[in-house]
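Hi,

Here is the structure I promised to pass on.

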Amino acid sequence: MHFLTRQNLHIARFHPLMKVLMSLYIASVLAGLVVAAMKYTDRGVWSTQGVAVYLAGSEDVRDDPFGDPFGGTDDGLAAQEGKTRRELVDIVHPHLFTIPIVLFILGHLLHLTGLRDAWKLAINVTAFVSFLATFLLPFAVAGRPAWAWLQMAAGSLMMVSTLLLCLVPLASMWFGKPGRGFDALPRRWGDAPRDS
(Lines give C-alpha, C1' and ligand atoms only; values in the text may rest on other atoms or scores of the structure.)
Protein backbone atom coordinates (compact mmCIF):
# COMPACT_ATOMS: atom_id res chain seq x y z
CA MET A 1 0.00 0.00 0.00
CA HIS A 2 2.89 2.35 0.74
CA PHE A 3 4.08 2.06 -2.86
CA LEU A 4 0.65 2.92 -4.25
CA THR A 5 0.58 6.25 -2.39
CA ARG A 6 3.67 7.45 -4.24
CA GLN A 7 3.19 9.20 -7.55
CA ASN A 8 4.27 7.62 -10.80
CA LEU A 9 5.69 4.46 -9.29
CA HIS A 10 6.22 1.64 -11.77
CA ILE A 11 6.94 -1.96 -10.81
CA ALA A 12 10.08 -1.98 -13.01
CA ARG A 13 11.66 0.65 -10.69
CA PHE A 14 11.61 -1.66 -7.67
CA HIS A 15 14.83 -2.79 -6.02
CA PRO A 16 16.03 -6.20 -7.32
CA LEU A 17 15.46 -7.78 -3.88
CA MET A 18 11.82 -6.60 -3.92
CA LYS A 19 11.47 -7.93 -7.46
CA VAL A 20 12.73 -11.34 -6.35
CA LEU A 21 10.30 -11.37 -3.40
CA MET A 22 7.35 -10.44 -5.62
CA SER A 23 8.41 -12.96 -8.26
CA LEU A 24 8.49 -15.71 -5.62
CA TYR A 25 5.02 -14.71 -4.47
CA ILE A 26 3.69 -14.74 -8.04
CA ALA A 27 5.39 -18.10 -8.70
CA SER A 28 3.65 -19.58 -5.64
CA VAL A 29 0.28 -18.28 -6.86
CA LEU A 30 0.97 -19.78 -10.31
CA ALA A 31 1.76 -23.12 -8.63
CA GLY A 32 -1.58 -22.85 -6.84
CA LEU A 33 -3.30 -22.25 -10.18
CA VAL A 34 -1.71 -25.38 -11.65
CA VAL A 35 -2.94 -27.47 -8.71
CA ALA A 36 -6.39 -25.87 -8.96
CA ALA A 37 -6.56 -26.77 -12.66
CA MET A 38 -5.55 -30.33 -11.82
CA LYS A 39 -8.26 -30.46 -9.17
CA TYR A 40 -10.87 -29.13 -11.61
CA THR A 41 -9.97 -31.66 -14.30
CA ASP A 42 -9.80 -34.51 -11.79
CA ARG A 43 -13.10 -33.83 -10.03
CA GLY A 44 -15.15 -32.10 -12.70
CA VAL A 45 -13.68 -33.97 -15.69
CA TRP A 46 -13.51 -30.55 -17.41
CA SER A 47 -16.93 -30.89 -18.97
CA THR A 48 -20.35 -29.56 -18.09
CA GLN A 49 -21.52 -33.13 -17.53
CA GLY A 50 -18.58 -33.78 -15.20
CA VAL A 51 -19.28 -30.61 -13.20
CA ALA A 52 -22.99 -31.51 -12.95
CA VAL A 53 -22.18 -35.04 -11.75
CA TYR A 54 -19.59 -33.79 -9.24
CA LEU A 55 -21.94 -31.21 -7.71
CA ALA A 56 -25.41 -32.69 -8.21
CA GLY A 57 -24.59 -36.40 -8.45
CA SER A 58 -25.84 -38.93 -10.93
CA GLU A 59 -27.73 -42.19 -10.92
CA ASP A 60 -25.82 -43.40 -13.95
CA VAL A 61 -22.39 -42.26 -15.13
CA ARG A 62 -21.65 -45.17 -17.48
CA ASP A 63 -20.74 -42.87 -20.37
CA ASP A 64 -18.02 -41.05 -18.41
CA PRO A 65 -14.73 -42.12 -20.05
CA PHE A 66 -12.59 -40.41 -17.37
CA GLY A 67 -14.31 -42.00 -14.37
CA ASP A 68 -12.71 -44.28 -11.84
CA PRO A 69 -12.24 -47.67 -13.58
CA PHE A 70 -11.99 -49.41 -10.20
CA GLY A 71 -15.09 -47.77 -8.70
CA GLY A 72 -17.64 -49.21 -11.09
CA THR A 73 -19.84 -52.21 -11.50
CA ASP A 74 -20.01 -54.84 -14.23
CA ASP A 75 -22.35 -52.54 -16.17
CA GLY A 76 -20.30 -49.39 -15.77
CA LEU A 77 -19.49 -46.89 -13.10
CA ALA A 78 -21.46 -46.81 -9.90
CA ALA A 79 -23.91 -44.00 -9.18
CA GLN A 80 -22.25 -40.92 -7.69
CA GLU A 81 -23.65 -38.80 -4.92
CA GLY A 82 -23.59 -35.04 -5.31
CA LYS A 83 -22.28 -32.59 -2.77
CA THR A 84 -24.41 -31.85 0.25
CA ARG A 85 -25.01 -28.30 1.41
CA ARG A 86 -22.73 -28.94 4.39
CA GLU A 87 -19.91 -30.19 2.13
CA LEU A 88 -20.27 -27.15 -0.13
CA VAL A 89 -20.18 -24.78 2.85
CA ASP A 90 -17.03 -26.51 4.15
CA ILE A 91 -15.36 -26.13 0.75
CA VAL A 92 -16.52 -22.59 -0.05
CA HIS A 93 -16.13 -20.95 3.37
CA PRO A 94 -12.30 -20.83 3.56
CA HIS A 95 -11.99 -19.86 -0.11
CA LEU A 96 -14.22 -16.81 0.38
CA PHE A 97 -11.75 -15.49 2.95
CA THR A 98 -8.42 -16.42 1.38
CA ILE A 99 -8.73 -15.92 -2.38
CA PRO A 100 -9.78 -12.25 -2.17
CA ILE A 101 -6.51 -11.51 -0.33
CA VAL A 102 -4.50 -13.11 -3.15
CA LEU A 103 -6.51 -11.22 -5.80
CA PHE A 104 -6.18 -7.97 -3.83
CA ILE A 105 -2.38 -8.27 -3.69
CA LEU A 106 -2.12 -9.24 -7.36
CA GLY A 107 -4.47 -6.38 -8.28
CA HIS A 108 -2.16 -3.91 -6.52
CA LEU A 109 0.82 -5.27 -8.43
CA LEU A 110 -1.15 -4.92 -11.67
CA HIS A 111 -1.75 -1.24 -10.85
CA LEU A 112 2.00 -0.71 -10.73
CA THR A 113 2.38 -1.73 -14.39
CA GLY A 114 2.02 0.45 -17.47
CA LEU A 115 -1.16 -1.31 -18.58
CA ARG A 116 -4.01 1.04 -19.47
CA ASP A 117 -6.44 1.78 -16.65
CA ALA A 118 -9.37 0.32 -18.57
CA TRP A 119 -7.55 -3.02 -18.86
CA LYS A 120 -6.59 -2.94 -15.17
CA LEU A 121 -10.22 -2.34 -14.25
CA ALA A 122 -11.46 -5.08 -16.59
CA ILE A 123 -8.97 -7.66 -15.31
CA ASN A 124 -9.62 -6.87 -11.64
CA VAL A 125 -13.42 -6.86 -11.99
CA THR A 126 -13.34 -10.08 -14.01
CA ALA A 127 -11.09 -11.74 -11.41
CA PHE A 128 -13.34 -10.85 -8.47
CA VAL A 129 -16.68 -11.47 -10.19
CA SER A 130 -15.53 -14.82 -11.61
CA PHE A 131 -14.11 -15.78 -8.20
CA LEU A 132 -17.46 -15.10 -6.53
CA ALA A 133 -19.31 -16.99 -9.27
CA THR A 134 -16.89 -19.93 -9.10
CA PHE A 135 -17.43 -20.42 -5.39
CA LEU A 136 -21.11 -19.48 -5.06
CA LEU A 137 -22.51 -21.19 -8.18
CA PRO A 138 -21.97 -24.72 -6.79
CA PHE A 139 -24.90 -24.11 -4.44
CA ALA A 140 -27.12 -23.46 -7.46
CA VAL A 141 -25.63 -26.18 -9.69
CA ALA A 142 -26.15 -28.81 -6.97
CA GLY A 143 -29.88 -28.21 -7.35
CA ARG A 144 -29.91 -27.40 -11.06
CA PRO A 145 -27.30 -29.44 -12.94
CA ALA A 146 -28.20 -27.70 -16.22
CA TRP A 147 -26.37 -24.62 -14.89
CA ALA A 148 -23.04 -26.49 -14.87
CA TRP A 149 -21.94 -24.51 -17.95
CA LEU A 150 -22.04 -21.34 -15.82
CA GLN A 151 -19.72 -23.01 -13.31
CA MET A 152 -17.28 -23.94 -16.06
CA ALA A 153 -17.40 -20.45 -17.57
CA ALA A 154 -16.79 -18.82 -14.18
CA GLY A 155 -13.90 -21.15 -13.37
CA SER A 156 -12.33 -20.56 -16.77
CA LEU A 157 -12.64 -16.77 -16.46
CA MET A 158 -11.15 -16.91 -12.98
CA MET A 159 -8.19 -18.91 -14.27
CA VAL A 160 -7.55 -16.56 -17.20
CA SER A 161 -7.92 -13.36 -15.15
CA THR A 162 -5.69 -14.70 -12.36
CA LEU A 163 -3.10 -15.73 -14.93
CA LEU A 164 -3.16 -12.17 -16.28
CA LEU A 165 -2.87 -10.79 -12.73
CA CYS A 166 0.28 -12.88 -12.36
CA LEU A 167 1.94 -12.64 -15.75
CA VAL A 168 1.44 -8.93 -16.54
CA PRO A 169 3.18 -7.71 -13.33
CA LEU A 170 5.89 -10.36 -13.69
CA ALA A 171 6.68 -9.31 -17.26
CA SER A 172 6.46 -5.60 -16.41
CA MET A 173 8.70 -6.04 -13.39
CA TRP A 174 11.57 -7.72 -15.20
CA PHE A 175 11.18 -6.63 -18.83
CA GLY A 176 9.06 -3.46 -18.72
CA LYS A 177 10.19 0.12 -19.08
CA PRO A 178 9.22 2.36 -16.17
CA GLY A 179 7.19 4.90 -18.14
CA ARG A 180 4.68 7.09 -16.29
CA GLY A 181 3.64 4.53 -13.67
CA PHE A 182 0.69 4.55 -11.31
CA ASP A 183 -0.63 7.64 -9.53
CA ALA A 184 -2.97 6.78 -6.66
CA LEU A 185 -3.90 10.31 -5.64
CA PRO A 186 -7.68 10.78 -5.57
CA ARG A 187 -9.10 12.49 -8.65
CA ARG A 188 -12.29 12.54 -10.60
CA TRP A 189 -12.58 9.72 -13.11
CA GLY A 190 -10.80 10.62 -16.34
CA ASP A 191 -8.74 13.53 -14.99
CA ALA A 192 -5.15 13.44 -16.17
CA PRO A 193 -2.46 13.46 -13.49
CA ARG A 194 -0.73 16.79 -12.99
CA ASP A 195 2.97 17.01 -13.65
CA SER A 196 4.97 18.73 -10.98
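A word on burial to begin with: buried means under 20% relative accessible area, exposed means over 50%, and partly exposed is in between, using a 1.4 Å probe and protein chains only. Please keep in mind that this is a predicted model, where local features need pLDDT of at least 70, side-chain atom pairs count only at pLDDT 80 or more, and totals for chains, interfaces and linings use all residues. Residues are numbered from 1 along each chain as its sequence is written, and side-chain values use heavy atoms, with hydrogens and water left out.

Leaving aside residues up to four places away in sequence, S23 touches L170, M173 and W174, where contact means heavy atoms within 4.5 Å.

V29 also lies in α1 and counts as buried because its relative accessibility is 12%. With residues up to four places away in sequence not counted, V29 touches V102, L106, T162 and C166. V29 and L163 are 134 residues apart in sequence, yet their C-alpha atoms are 9.1 Å apart in space.

Next, the helix packing. Helix α3 (residues 85-111) and helix α4 (residues 117-143) pack at about 175°, with axes 10 Å apart; the axes are lines fitted to C-alpha atoms over the stretch in contact, and angles run from 0 to 180 degrees between N-to-C directions. α3 and α4 are therefore roughly antiparallel, a label for angles over 145 degrees. The residues of their contact divide into 19 nonpolar, four polar and two charged. Here Ala, Val, Leu, Ile, Met, Phe, Trp, Tyr, Cys and Pro count as nonpolar, Asp, Glu, Lys and Arg as charged, and the others, Gly among them, as polar.

Finally, which residues lie nearest the centre of the largest pocket? They are A36, K39, Y40, T134 and F135, out of 29 lining residues. A pocket is an open set of points on a 1 Å grid over the protein atoms alone, where a 1.4 Å probe fits, with protein on both sides within 12 Å along at least five of seven lines; lining residues have an atom within 4 Å of a point. The lining divides into 19 nonpolar, eight polar and two charged residues.

Best wishes

Note on methods. Helix = DSSP H or I, 4+ residues; strand = E, 2+ residues; numbered from the N terminus. Parallel < 35°, antiparallel > 145°, perpendicular 65-115°, else oblique.
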